[in-house]
Amino acid sequence: MNEIPGLFNYWVVVFLMMAGFYVVISQGNLVKKLVGLGLFQASVFILYITMGNLSGGQAPIVTEGVFIYSNPLPHVLILTAIVVGVATTAVGLALIVRIHEAYGSVEEDEIHALDMADDDTRLQEGAEREESSE
Amino acid sequence: MTLVLEWTSAIFLLAGSFLCITGGVGLLRMPDFFSRVHAAGVTETLAAPLLLCGLMLQMEWSLDLVKVLMILLFVLATNPTATQAMAKATLIGGQKPLVTESESTKGDSPSNS
Amino acid sequence: MLIAIAAIRMRDLFGVVILFGVYSLLTAVLFMDLDAVDVAFTEAAVGAGVTTVLLLSSLRLTRRWEAPPRHNPFFSLLVVGVTGAALVYATLDAPLLGDPSAPVHKHVAPHYLQEAAGEVGMPNIVTAVLASYRGYDTFGETLVVFTAGLAVLLLLGFSENGKSRIETSAIHDQVALKVVVKLLIPLILLYALYVQFHGDFGAGGGFQAGVIFATGFILYDMVFGVENARAVMAVAWLPRLAALGVLIYGGVGVYSMLSGKPFLDYSALSADPVQGQHLGVLLVELGVGITVFSIVLSIFYALSGRRRQS
Amino acid sequence: MLTAAIIAILVTMALALVRAFLGPTEYDRMLAANSFGTKTVLLIALGGHALSWHSYLDVALLYAMVNFVGTIAVMRFFENRRQDGKEGAGGAS
């Protein structure tokens, strides 16, 4: 096995990871950010599984006449990580739903603008209250 | 016996792959959604059993064979249902099938999505 | 693989979700090719099924179309490009794919591979490592899933007023669909049980089985309506079931601790250590399965039961 | 022969993917995704046999299920959205 196919998987991982990263940092939509996070997660999964692979190996289930198995440890880690990943995604979605109910928007900019406006009014109210108390 | 099995399996597989590609081309080239459903659904429903039968003929008698049979039955049950339900949902959702050739020039624009 | 990514630039969130499902399928095929059967199993069940369902039901609650981008993407592209270049540079030193001398294969993995069949007594080493050697980790993961489910319930809660959402309860007029689904659901549940208890020998285990079991219920909910589904599986029971699963797991640990062995050492469960290991793994997987099932289902109920408020 | 079939399936998957990209309407995307899923089941079944993967049939069976469930979820999404839209128009929120 020469160098290029040997490293190709890593490059796929890097590409996917960067795609997910790009989505997370550049897109304003929160749902899309979560999808980007999912992409990022999947790339990490692929990285682990790639490291666990062994050339000529079989899936790590003991069978007659097979002596080379892939490394089971990354499989275990990723197996649990996938389920935990979906649970955390669900938490994120729940947060997004609540945010949408509170702000009527899932765009980061709009939420930020609303927040700023809210803060401004609150500051003004506070200032007026102080003035009136004086 | 083995020769017969091999040839039947080969015929099944070839027919299956032909249908598969036909369905794919139809999915890509057909003008509107309902003809695409037709292209994809009908060919897929036949292609999947053909391919799986071809696979079954190549295997030894074991538990795996039963599993392939289960996959076959499952695909056979779900695929037409899903396609039919999709077409129906689309119709309910407001898409109208293209009826005549003259309409295809006027009505092809995505008026309702 | 790479093509699915360009999808991300699509503005239509619905299309993004569908393509994400497709991407997940492809990932699972890749896992199969890299000999990771269990992982492919989980990814298929979770990524393509549950994630799509959850994303769609939360998309229903929010807006579908994305606002046009306002920032200049150049800066983020720059950051991404630089990071990517650094990572590619780092991979040049990484071990090649399938190289047996890579450091990953040198540490504890050979021990697991050689001893697991004798010590734990089950052919599927992934299950053995998951439930026995790294039982602490898995316990932690189960707790994380449990906590995440509780967080979702705290944030959303189950919708209490069932009467206002009768109209959104089922797919209308789909007779063929209803009949076929009615036939298929027992099959799905049976298959989930097979996955649950066959995990010692083939691909499968508690995590996957829980997800598949929940998938069966989600299917029922989607086709026959919420009221029917909730009549089968009452909402109030789900958190209790989840807690029960965690309790089973923890109880096995505490029992082995009371018997004078370390926490989660299953050889305490029976006179024959291998037998005890087997029993312990079975119980623990059962606990994991119950927890995952009830959490996934309750998350689905919470997300889909909520009405859109605008 | 298996190889030919696998190549045919891969070609079809690519075609379906193109349709999923182009898809003028969302229904087209849904159809393409469903078709893609079915092709994946076939690919795993045949490819697993050809490359002698372990317990590939379990995964293929699982895919068949998940694909169906996913399609139904998408359809229900349409249905719900339509009803939500109606209610919004009626002013009953």
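This is a predicted model: local features need pLDDT of at least 70, side-chain atom pairs count only at pLDDT 80 or more; totals for chains, interfaces and linings use all residues.
Eight residues of domain 1 of chain A are in contact with seven residues of domain 2 of chain A.

Domain 1 of chain A covers 3–103, and domain 2 covers 105–134. Between them they bury about 760 Å², with carbon and sulfur atoms holding 58% of that area. On the domain 1 side, A:Gly28, A:Asn29 and A:Tyr103 supply 60% of the area buried against domain 2, more than any other three residues. Two helices of chain A, H2 (30–52) and H3 (72–103), each supply at least two residues of the side of domain 1 that touches domain 2. H3(A) gives the most to that side, with four residues.

Here are the counts across this interface:

| Kind of pair between domain 1 and domain 2 of chain A | Count |
|---|---|
| Salt bridges | zero salt bridges |

**Chain C and one of its residues**

Chain C has 12 helices and zero strands. Buried residues make up 58% of its 310 residues. Of the contacts in chain C with a separation of 6 or more, 71% link residues 24 or more positions apart. The accessible surface of chain C comes to about 12,100 Å², and 69% of it belongs to carbon and sulfur atoms.

C:Val211 sits in helix H9 (residues 206–224) of chain C. Its relative accessible area is 2%, so C:Val211 counts as buried. Leaving aside residues up to four places away in sequence, C:Val211 touches C:Ala45, C:Val46, C:Val50 and C:Val292. C:Val211 and C:Val296 lie 85 residues apart in sequence, yet their C-alpha atoms are 6.9 Å apart in space.

Methods: Residues are numbered from 1 along each chain as its sequence is written. Chains are lettered from A and ligands numbered from 1 in the order in which they are written. Side-chain values use heavy atoms; hydrogens and water are left out. Buried means under 20% relative accessible area, exposed over 50%, partly exposed in between (1.4 Å probe, protein chains only). Contact means heavy atoms within 4.5 Å. Accessible areas come from the Shrake-Rupley method with a 1.4 Å probe; for residues, only the protein chains shown count as cover. Domain bounds come from an automatic or database domain assignment. Buried area is the accessible area (1.4 Å probe) that two parts lose on being put together, summed over both. A salt bridge is a side-chain nitrogen of Lys or Arg within 4 Å of a carboxyl oxygen of Asp or Glu.
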